Amino acid sequence: QVYLVESGGGMVQAGASLRLSCQASGMSFKYYAMAWFRQTPGGVRDFVAGIGWESGGETTEYTNSVRGRFIISKDTAKNTVNLQMNNLNPEDTAVYYCAGRSTRGQIGRWEQNYTYWGRGTQVTVSS
């Protein structure tokens, strides 16, 4: 059975950094796309960042609001996907979810593209 477990969330001031991690069991990250989504109360679950595999190489993608501030990476040996979040602002406040696809390669930007989900970790950024 596939399990994804997020960690690293917390409460910080604007401008601070956090590093989220997603520990997977029952699946491999090496050739399959993984992503981070986030959701605020009453909101939809929005794509934040993804990491995939196309044309024999690693690919990444970011939503515009985090590009240049967040970095997604993976450690295949540890079966872990990370999200380094820098220069956080209050608009980044949300529950962050790790997601995995059931097909290899291409990053998806939609919730329905992903089969496996973690329970989420709360990130709160104060003004």
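Two strands count as paired here if DSSP finds at least two bridges between them. With that in hand, let's walk through this predicted model, starting with a sheet.

The sheet is an open one of 4 strands, in the order β1-β3-β8-β7, and its pairing is antiparallel.

Strand β3 (residues 18-25) and strand β8 (residues 80-85) run antiparallel and are joined by 6 bridges. If you want one spot to look at, pick cysteine 22: its bridge partner in β8 is valine 81.

The largest nonpolar core has 26 residues, and Trp36, Phe70, Leu83, Met85 and Tyr96 have the most contacts inside it. At least two residues of this core come from each of β3, β4 (32-39), β5 (46-54), β7, β8, β9 (94-104) and β11 (121-126). The top contributor is β3, which gives 4 residues.

Leaving out residues up to four places away in sequence, leucine 83 touches Leu18, Arg19, Leu20, Trp36, Val48, Ala49, Phe70, Ile71, Ile72 and Tyr96. Among these partners are Trp36, Phe70 and Tyr96, which also turned up in the list of residues with the most contacts inside the core.

Finally, there's another core, lying apart from the largest one: it has 7 residues, including Ala35, Phe37, Phe47 and Tyr114.

Notes:
Residues numbered from 1 in each chain as written. Predicted model: local features only at pLDDT ≥ 70, side-chain atom pairs only at ≥ 80, totals over all residues. Heavy atoms only, no water. Core = buried A, V, L, I, M, F, W, Y, C linked by side-chain atoms within 4.5 Å. Buried < 20%, exposed > 50% of the residue type's maximum accessible area, 1.4 Å probe, protein only. Contact = heavy atoms within 4.5 Å.
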